[in-house]
Amino acid sequence: MFSKPLGAQPYAALQQTQKAGSASFTQKVTFTSKQGDAVLTITGRLDFAGKRGEGSRTWLVPKAFPDKTKEVMLGAVGRQGFGDSSAKVAIDPQAVRYRSGSATYWLRYPTVGSLIGFDSITSLRGSEAALGGTLLEVPILARATAQQNTPGGGRSYRTDFGLDAAWGLLFPLDVRGELAHPRGADAAKAPVVMTLTVDSQGRITRAAADLSALVNKDKERALSTVTGIRSELTLTAHGSARPAMPPPSDAVLDAAKSVLDSTKTSPGDCIDFNTGTHRIGRLVRVGCTAPHDGRIFGHSRLGDGGFPGRAAADRRAEDGCRRAHDRAPSRWTDEAVISGEYRWIWPLEASDEDPVATCYVVSRRSAS
């Protein structure tokens, strides 16, 4: 690959990395702000030939971050909390498997074509590697502008690629929506600079990029307090790091059957909140004999004529759920970790032609 034109060598390095067959990787994406740094760490193993990968995703988010920022990073559960800060993922050509940090099972989401509207799940799958969102997605678009030799016969390149590629390939939809969207000439004015390091065989060992040009300073944005974004990727164990996919003994739930809108649940259903979709109102229906996040005890219509607005919806949901709570069997409502306390969810306002609130109690303290 070193004999190729300088500008083409980043893509050649990606091809050499893929030819190795497999690799272990760690990527850290750091969101810097005055409240501290939020860090997403993704660690795992990749099988390039088999288009498989497995790993863990862990968020470290400072407590001082605004709630709306935490919602984007962790996902919102119900109306009162945030999603798990950690999860495992396992991906092959047939499915994306997701296991939140509090779950004892995997959720199996089928091939991407069946996942319309589930961007936080589809974004877990990459094009150049099984796990998406890493800097391995961009060398195909990067152009080297300078190089230098490194110890052991490798090289380090200064490369650049378009802001639009960074925006579209490295972040899921809910994060992209809070970043500055580069358009037209603006995307070319300030390309992302990435340092790419390869070993003597031309295989990528490290990549680092400053993505701060994507920061949106609009105060209405959930990430407006973020002042910088940086991504760093390391690759090791080329050719000897096959993924350890979930063993047959692990419980796997079919997401097509188990993940549903809150309005599709029935009184008495036991539910978990962490679906991996980052969508309020999407729940996992689980058995009631194992630990679970909550229990549904009723539903309450918010009125005719579409969504009445947040304040009115809250009042009507509280009134309706109070009545449902009084009627519900005590074996459901007594599960509440705080005696007598109950909560409610309503779906996304924009889709509510006949809005319905779902009433539930929190069944374990970690879900509150």
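Guide: Two strands pair if DSSP finds at least two bridges between them. Strands are DSSP runs of E, at least two residues long, and helices are runs of H or I, at least four; both are numbered from the N terminus. In this structure, 7 bridges join β10 to strand β11 (residues 192-198), and the two run antiparallel. Within that pair, Arg155 stands opposite Val198 in β11.

Visitor: What kind of model is this, and how are residues numbered?

Guide: It is a predicted model, in which local features need pLDDT of at least 70 and side-chain atom pairs count only at pLDDT 80 or more, while totals for chains, interfaces and linings use all residues. Residues are numbered from 1 along each chain as its sequence is written, and side-chain values use heavy atoms, with hydrogens and water left out.

Visitor: How many bridges join β9 to β10, and what lies between the two strands?

Guide: 7 bridges join them, and the strands run antiparallel. They form a hairpin with 3 residues between them. Gly152, in the turn, has a positive phi of about 90°. Ala144 has Thr159 in β10 as its bridge partner. Gln147 stands opposite Tyr157, also in β10.

Visitor: Is β10 largely enclosed or left open?

Guide: Burial is read from relative accessible area: buried is under 20%, exposed is over 50%, and partly exposed lies in between (1.4 Å probe, protein chains only). In strand β10 (residues 154-161), 7 of the 8 residues are buried, so the rest of the structure largely encloses it.

Visitor: Which sheet holds these strands, and which of its strands stand at the edges?

Guide: They belong to an open sheet of 12 strands with mixed pairing. Its order is β9-β10-β11-β12-β13-β1-β2-β3-β6-β7-β8-β14. β9 and β14 (251-254) stand at the edges; each has a single partner strand, so one side of each is left without a neighbour in the sheet. Neighbouring strands here are turned by 20° against each other on average, direction ignored. For such angles, axes are lines fitted to C-alpha atoms, for helices over the stretch in contact; angles run from 0 to 180 degrees between N-to-C directions.

Visitor: Take Ser231. Where is it, and what does it contact?

Guide: Ser231 is found in strand β13 (residues 226-236). Its relative accessibility is 2%, so it counts as buried. Contact means heavy atoms within 4.5 Å. Leaving aside neighbours within four places in sequence, Ser231 contacts Gln27, Lys28, Val29, Leu135, Ala207, Ala208, Ala209 and Leu211.

Visitor: What do the buried residues of α2 pack against?

Guide: In helix α2 (residues 67-74), the buried residues are Thr69, Lys70, Val72, Met73 and Leu74. They pack against β1 (22-33), β2 (36-47), β3 (52-60), β4 (76-77), β5 (81-82) and α5 (173-176). Just after α2, Gly75 takes a positive phi of about 85°.

Visitor: Which residues other than glycine have a positive phi?

Guide: Lys51 is one of them, with phi near 55°. It lies in the loop between β2 and β3 and, at 58% relative accessibility, counts as exposed. Ala237 has a positive phi of about 50°. Ala237 sits in the loop between β13 and β14 and, at 34% relative accessibility, counts as partly exposed.

Visitor: What is the order of the sheet of 6 strands?

Guide: This open sheet runs β15-β17-β16-β18-β20-β19, with antiparallel pairing. β15 (259-261) and β19 (343-345) stand at the edges, each with a single partner strand, so one side of each lacks a neighbour in the sheet. The twist averages 50° from one strand to the next. Helix α8 (residues 310-327) packs on the sheet and touches β18 (294-301), β19 and β20 (356-362). The direction of α8 makes about 120° with that of β18. Strands β16 (residues 270-272) and β17 (residues 282-286) pair in the antiparallel sense over 3 bridges. There, Cys270 stands opposite Val286 in β17.

Visitor: Which residues make the nonpolar surface patch?

Guide: Patch residues have over 30% relative accessible area and no salt bridge; like charges are joined within 9 Å, nonpolar side chains (Val, Leu, Ile, Met, Phe, Trp, Tyr) within 5 Å. A salt bridge puts a side-chain nitrogen of Lys or Arg within 4 Å of a carboxyl oxygen of Asp or Glu. Here Tyr11, Ile140, Leu141 and Leu169 make a patch of about 330 Å² (accessible areas by Shrake-Rupley, 1.4 Å probe; for residues, only the protein chains shown count as cover). Ile140 lies in the loop between α3 (119-122) and β9 (143-150). It is partly exposed, with a relative accessible area of 38%.
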